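Take a moment with the sequence and the model before reading on. The paragraphs below walk through it chain by chain.

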Amino acid sequence: MAIETQPEKAHGGGDAAPAGPRRQRPWWMRPAIHTAIAGAVIGYLLGHLLGNFLVASNVSTEYPNIALSDSSDVPIVLGYAFGTVGWLAGLGVFNDLVRQVLGRPVPAEAEEEAAGAGLARYFRFSLDHKVVGIQYLIGMIIYFCTAGLFAMAIRAELLSPTYHLFSSSAYIEIVGEHGTMMMMLMTSVVLGPFGNYLVPIMIGSKRVAFPRIEALSFWLTPVAFLVLLSGLTLGGFPFGWTGYAPLSIQSTVGADSYAFAFGLMGISIIMAGFNIVVTVICYRAPGMRWSRLPIFVWAMLTTAFMMVLAAPVLVGGMYMMLTDRTAQTAFFVDQLGGSSYLYENLFWFFGHPEVYILALPGFGIVSELIPVFCRKPLFGYKVAAAGMVGVTLLSFFVWQHHLFVSGINPDMRPVFMFTTELISVPTGFIYLVAIGTFWKAKIRFTVPMLFALGMYFNFLIGGITGVFLSDVPADTTEHGSFFVLAHFHYTIMGGLIFAFMAACYYWLPKMMGVRLNQALGKIHFWTMFLFFNSTFLPLFAVGMAGQPRRVFEYARNLETLNDWVSISSFLLGGSILIFVINFVWSTVIARVPEVGNPWRSRGLEWQVSSPPPPGNFAHVPVVLSNPYEYGTPGAPPVADLNPPTGVVSAAYAAVAETAGAEA
Amino acid sequence: MAADAPAPAPAGAADGPNHGLRIFMLWLVLALAADLVIWFVWGPHLPPGAMSSSAANQQFDIKVMAVMAAPVMLFVLVFFGYSLIVWRQREGDEEDGPPIHGNTRVQATWITLSSVLVLALFTFGTVELVTANGAGAGEGASPIWKPGGSPLQVQVIAQQWEFTYRYPQFGGFETADLVLPTGQWVEFHVTSLDVIHSFWAYQLGVKADANPGADNVAYTKINDTGTITVRCAELCGLWHGAMFDYGTAVSAAGFESWAKATRIRLAAVTRLLPPYALTYDPTVIPQINKAMVAAGITGAAGLYYPPTDPVQP
Amino acid sequence: MSLPARIITLVVAFLAVTAVGAFVVLHYLLGGPATVDYAAGVTPNTGATVNVVMQEDPQTTVGSKPDWVTYFIRNPTTGAWVHTTLFQVPAGSRVDMTVFGFDGCTPLRNPVWGQVTGTIGNVEYVDGKPYHVLDSWGGCNVGHTFSIPGINLNVPMASPGLLQAAKPGLCATSPCTPGPGTPYRVMTFSFYTPHIDGQYFWQCRIPCGGGFLTGFGGPMQTIGFMTGNMDVVS
């Protein structure tokens, strides 16, 4: 019998030529979301069984019943861990890695992309940053709406100070789910969809630096979302999104869903940020100097830096919480040598940059939009960029303002009061930039511009009330009350989410080639703006009047205010529903094409087709000027999309020459 | 790249109305009106009231900051409002606006002004914190801003889900009722027996987190008699929302008589309490209870790990 | 996909999501143990008396948490023991409470809760003998407490002694039945309910959550076990 000496590849398809296109397997045999779900279920069961085995063999004779009950943490944590690995394996994340380990050829990315067109690729582990961007967009909208439903449940409970719609345990679960879902998942609400989609195009690159890491960062988010939701089946967690120890160590198994989901999301955040940082630094087209970088890319870069530097601390903290709960370590247990203060500091060292991770993308979006709708250059571009860099640097030096009354070293409080007030200076630069851009402009009130204006208005209130909180004596009354809650909803929802809506209306034609209905968009804006303010503005007064956060009983004289806020919040939910209806209608049913440059923007992303072709650009462009040169008649176009052959290679050769000369 | 275009000089532009002057005047009028309303009308009614020294101090802080914040907010709002009305793109006008990339003078003024404001706020806040003996905020175990003399010591013990108060200067009795005297400095020692709580006495302007195994000190001096609302301000589990109580501030004489009477009334229970300390470790249990735990006939006894596991304190 | 196909997919997806959401809300968020009604047929604010009967057990053999301690409440009409901690009493009335204590002893985290407060006469009767204070640290005396912070009620629950706990051993099933071979103590006390409606939470103050940090996790913070609500209705 002859021994086969042909290469492995020849066995792959009917085509004899090894370089030919791969034969397409049917859609249900290729790794996609259905195989991921199967992998997750199998993984969870394996992990859970392993955990049961470990507990049964190790538990002391004192508590033999723990293994029989559903109050054991180890099977649940192991179940989640193995389930995550199973999900990723089912998606095919490890396929290329295994191929390389085994020495088999890895299919080239261009082939992969050509192989999958149409709707199916959005359910796969796709290496095209544009597909990942759309996946993130849909995911983020789903996560936002789910968490928003929890918020309306909270407000329904707070309609009466004495009649309780939910039991107190259900209420505290709902509070924790809303807060955690929003804070952990909305961290990537702009960088995920718009950062991943637009940054390469805006810098003139055909790809991102690490497509696999980028796609992985997305596919971890549904796991985090579902793990967090599964906490409801486990009895939830009673400690809100901050997870203070020792309450989090004391809690039943629902707390494991919190720690695991948040830690997993932290890993996703690190990956997403890391990819953006390297892409922006290394993949800029020739001519894309730092001074020509769109301000949105500056915002993404600085946000990504904060993600990479802050999220590891979160992952560490969550890991320590999990080991305290399962492996009987005592990081946060003061009577066994640990400290509850350790958790507080670890958490807020991440937690404060986290809120700037939430704020900066909003700054980037509005600063990117207003030149287009004012037909003027961005006033003080360098100041805007410097402001973002300043916020990023300072954000790591302010975290103790969450701990002013917690018993920290009293000497440190004036220091952190100073740094917190100082960070308001670079934060204020966006207003300087806006004011300068509006001066003698030609302002067009399109839907994206309306949302940008709403963002400025809301963030003004949010930012100024932040200064009230930075003052230690005033913070003594305001800390832990609804004043803080109103402050951060104004900055995060009023700032970031309004900017997210602006970005949706602005960039959806670019990303999907369809336009959102503008009339419905205006209705959406006005209802959202009106009801958002009517929901959160009274909460400053409610907090100052003495209502703490996360309570289900409050003073009777505050009932009218709370009722007003609750009704407004239901109407706010209605306005978000209008957005969802608009989004679904426009992208699924009506699909009104919008393929040109409807906003007449000079941005580089608008110079390619909508949606952009695979590879974004036919040739790597040469960037000639910044995208904000409105009003200058002789301004060069933003880039040359068809540079003469040899220009790019000559540019690289010139760079190599100078590098060689310096060496 | 940031070419400085002709500065939009506020004084006398040859083409069209003087926008800068208009905006400035509008702002001036509104800011003055707002500040006057805040200082004179709102001021005396601002939270958290003036029942104690720290509350009055905080009320003053909030008043000053509101007076500083209102002009800043109004400036942005007036400018935005003005530009959105005056500088809208008119029907049929497809031209771009003037190519103003920046204005060094405006930028420098803005940065300087905001930095000065920040420094002023910081100085103000620090002064207020120091001169008010910590302004009612928890200063940790080693407070640095404290009143002289001998304040009344009140230990606030937070546990799931009620506050109890110990008065060491009256034999260390422990009660769930908070009664405090007016006209005297009170030194709160806030600690917890289990998880992190936060002692918030609203009318006193006192807030101090209660951490297990830690002592958090806060000071205040009560000026008027009245009811004090005490709420827990840090999520501490299932019944955090119901962890509130009402205390009273009475005259010094009234307080003395209450303390003496309560000490006698609670003498039987005070004998059972551990000696007064700044922190408590409730897992330190006497020998007989250790025997009960070892025999397996008790519950958790406050321990985390079953006794057969290694490393017990 | 064609337009009708897209619309059908949308509708199906919407219905599926709504169904899942409704299930989660109804089952996990609005569900819970039943409320035992002691206020039925009693006119509030007339000083009437209701008899509330409860027991506390060392194990929970109903459900999936065998190592959790729990309370049971007796249904006044059927006499059956209900696994719940929610009960309803009329406003402005007198509550005579009887608690059967089957669980063993644990010292209090804060011994101040060994004092009986909020009852008529600030006294409780353990097996018929009156007590004002129980010393949980000085001996095997106290198993749990029944405390309603909102009306300043705190009543320590006595526990069977050391010897009884060792032999014949504590009750190992739930609900327990008082009888020979099952050690227990009977606590009786009375208090007045407030005149206005309200929901007053009650809790145990003994750290009896075995295996949880500080002993205050698990059953201590789960409604239906060692904490619940007293609804005052009028």
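Start in chain B, with a pair of strands. Strand E6 of chain B covers residues 197–201. Five is the number to look for here: 5 bridges join E6(B) to E7(B), and the two run antiparallel. Ser198(B) stands opposite Asp209(B), which lies in E7(B). Bear in mind that this is a predicted model.

Now widen the view. E6 and E7 belong to an open sheet of 5 strands in chain B. The order across the sheet is E4-E10-E9-E6-E7, and the pairing is mixed. Which strands stand at the edges? They are E4 (179–181) and E7 (206–210) of chain B. Each has a single partner strand, so one side of each is left without a neighbour in the sheet. Neighbouring strands in this sheet are turned against each other by 25° on average, direction ignored. In general, strands of a sheet pair through backbone hydrogen bonds, either parallel or antiparallel.

Helix H4 of chain B, residues 252–265, lies across E4 and E10 of that chain. Strand E10(B) spans 244–250. Against E4(B), the helix runs at about 140°.

Next, move to chain A. Chain A has 20 helices and 2 strands. Its radius of gyration is 26 Å, close to the 26 Å that the globule rule gives for 663 residues, so chain A is as compact as a globular protein of that length. Along its principal axes, the C-alpha trace of chain A spans about 85 × 75 × 60 Å. Buried residues account for 61% of the 663 residues in chain A. Look too at contacts in chain A between residues at least 6 apart in sequence: 82% of them join residues at least 24 apart.

One residue gives a close-up. Met300(A) sits in helix H11 of chain A, residues 295–326. Is Met300(A) buried or exposed? Met300(A) is buried, because 31 other C-beta atoms lie within 10 Å. Leaving aside neighbours within four places in sequence, its contacts include Leu191(A), Val199(A), Ile276(A) and Pro361(A). Pro26(A) is 274 residues away along the chain, and its C-alpha atom is separated from that of Met300(A) by 38 Å.

Finally, see where chains A and C touch. The contact takes 26 residues from chain C and 26 residues from chain A. On the chain C side, helix H1 (3–29) and strand E12 (198–203) each supply at least two residues. The largest share, 7 residues, comes from H1(C). By type, that side of chain C divides into 12 nonpolar, 11 polar and 3 charged residues.

Terms used:
Residues are numbered from 1 along each chain as its sequence is written. Chains are lettered from A and ligands numbered from 1 in the order in which they are written. This is a predicted model: local features need pLDDT of at least 70, side-chain atom pairs count only at pLDDT 80 or more; totals for chains, interfaces and linings use all residues. Two strands pair if DSSP finds at least two bridges between them. Helices (H or I, at least four residues) and strands (E, at least two) are DSSP runs, numbered from the N terminus. Axes are lines fitted to C-alpha atoms, for helices over the stretch in contact, and angles run from 0 to 180 degrees between N-to-C directions. Two residues are in contact if their C-beta atoms, placed from the backbone, lie within 7 Å. Ala, Val, Leu, Ile, Met, Phe, Trp, Tyr, Cys and Pro count as nonpolar, Asp, Glu, Lys and Arg as charged, and the others, Gly among them, as polar. The radius of gyration is taken over C-alpha atoms; the globule rule is 2.2 Å times the number of residues to the power 0.38. A residue is buried if 20 or more other C-beta atoms lie within 10 Å of its own, exposed if 12 or fewer, and partly exposed in between; C-beta atoms are placed from the backbone.
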